[in-house]
Amino acid sequence: MANSSSFNFNFLKAVPPVNTPANSVDSYCLDSAEITFIRRWVWKMAFATLALMAVGSATRVMNAGLACPDWPLCYGQLVPTAQMNLRVFLEWFHRMDASLIGLMAIGLVGLCAWYRRSLPGWLPRAAVGALFLIVVQGILGGLTVIELLRFDIVTAHLGTALLFFCSLLAIALSLLPYRPTGNTGKLPWLGLSAAGLVYAQSIIGGLVASRWAAHQCFGLSELCNIMNTHIAGVLPPTLAVLLLVVSVWRTPALNSHLRILANAAGVLVVLQILLGIATLKLQLQVEPLTVCHQTIGAALLGTLVGFSVLSLRDYRALRNYRVQPEGLTSDQQMASPTSSAAL
């Protein structure tokens, strides 16, 4: 059993717990060189995507979405040196980073095809799904410029970016050597519910941003309904996250990774609310605050997705465990050396 009081980030380094049995349910093939390489590849893509979303947020708040008036090039050039200024740089760098992630998504599909004999069957399909999302994201990015920042396209652009980010986290965490304890109970569903509510709130926030609803409301008393919906929408995800944190505290013998992720979600939701209040108090005049607000929102969503993936693995391990050797009761299975190793 993992030590629940320890606080470390070993899960990002993919270090399996000491004495994890080689034949445990979820780690039987996850220590191979091929999977380790692919997992690290996906982690890099996930962090690059989070950075890309932060740059995209900065591009929006700096009103630089049309700083490059054409697409996919910028002023007809790969590097518009003559027109380069801060706004052009933000939009240009946003495109370059997106292109790099797109190439990495193609590389991920190629790696999965090359190593397919050593990989879980779901992984190549997940890689193709991620590539599909980044292609859709690229098309939406182009339409954003062509359609002059039409609000529905801009909002869809953000929503697809979050889905792509979550899919990468799900892939990376599904490849992580992990030792389930079988004590998660209903926590996976709490985690998924909280993640869904945070995603919905993020989309409303994206709508506020794409329609400049906050500016319109402060300046012209228009579109206040959209901004008020976003403000009122804080409550459901906040309650869901707090319920998740309390439930994790009250659940004994959980894997320490789940406690770390739940505590991180609690900290992030408090930080996100404080940033939102500060953003409104200052009437969006401090751009870095707005960028942090949107980036922390994405990080919170990612943390909840991570919790959901690992807790679902725990849940699945328990279910597999219960259908094991016939003739043994659940208690006997729990007591048997083989079953204990599996958990």
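Reply: Start with a term: helices here are DSSP runs of H or I with at least four residues, numbered from the N terminus. Keep in mind that this is a predicted model.

Me: OK, which helix is Arg60 in?
Reply: Arg60 is found in helix α2.

Me: Is Arg60 buried or exposed?
Reply: Arg60 has a relative accessible area of 17%. Buried means under 20%, so Arg60 counts as buried.

Me: What does Arg60 touch, leaving out residues up to four places away in sequence?
Reply: Arg60 touches Ala209, Trp212, Thr290 and Gln294.

Me: And how far apart are the C-alpha atoms of Arg60 and Val154?
Reply: They are separated by 9.8 Å, although Arg60 and Val154 are 94 residues apart along the chain.

Me: Now Thr49. Where does Thr49 lie?
Reply: Thr49 lies in helix α2, which covers residues 33–61.

Me: Why is Thr49 called buried?
Reply: Because its relative accessible area is 2%, and the cut-off for buried is under 20%.

Me: Which residues does Thr49 touch, again not counting those up to four places away in sequence?
Reply: Thr49 touches Ile101, Ala161, Phe164, Phe165 and Leu168.

Me: Change of topic. Which residues form the nonpolar patch on the surface?
Reply: The patch is formed by Leu73, Leu78, Val79, Met84, Phe89 and Phe93. Together they have about 500 Å² of accessible area.

Me: Where is Val79 found?
Reply: Val79 is in the loop between α2 and α3, and α3 covers 86–114.

Me: How does Val79 count in terms of relative accessibility?
Reply: Val79 counts as partly exposed, because its relative accessibility is 38%.

How values were computed
Residues numbered from 1 in each chain as written. Predicted model: local features only at pLDDT ≥ 70, side-chain atom pairs only at ≥ 80, totals over all residues. Heavy atoms only, no water. Helix = DSSP H or I, 4+ residues; strand = E, 2+ residues; numbered from the N terminus. Buried < 20%, exposed > 50% of the residue type's maximum accessible area, 1.4 Å probe, protein only. Contact = heavy atoms within 4.5 Å. Patch = residues over 30% accessible without salt bridge, like charges linked within 9 Å, V, L, I, M, F, W, Y side chains within 5 Å. Areas by Shrake-Rupley, 256 points an atom, 1.4 Å probe, with all protein chains shown as cover. Salt bridge = Lys/Arg side-chain N within 4 Å of Asp/Glu carboxyl O.
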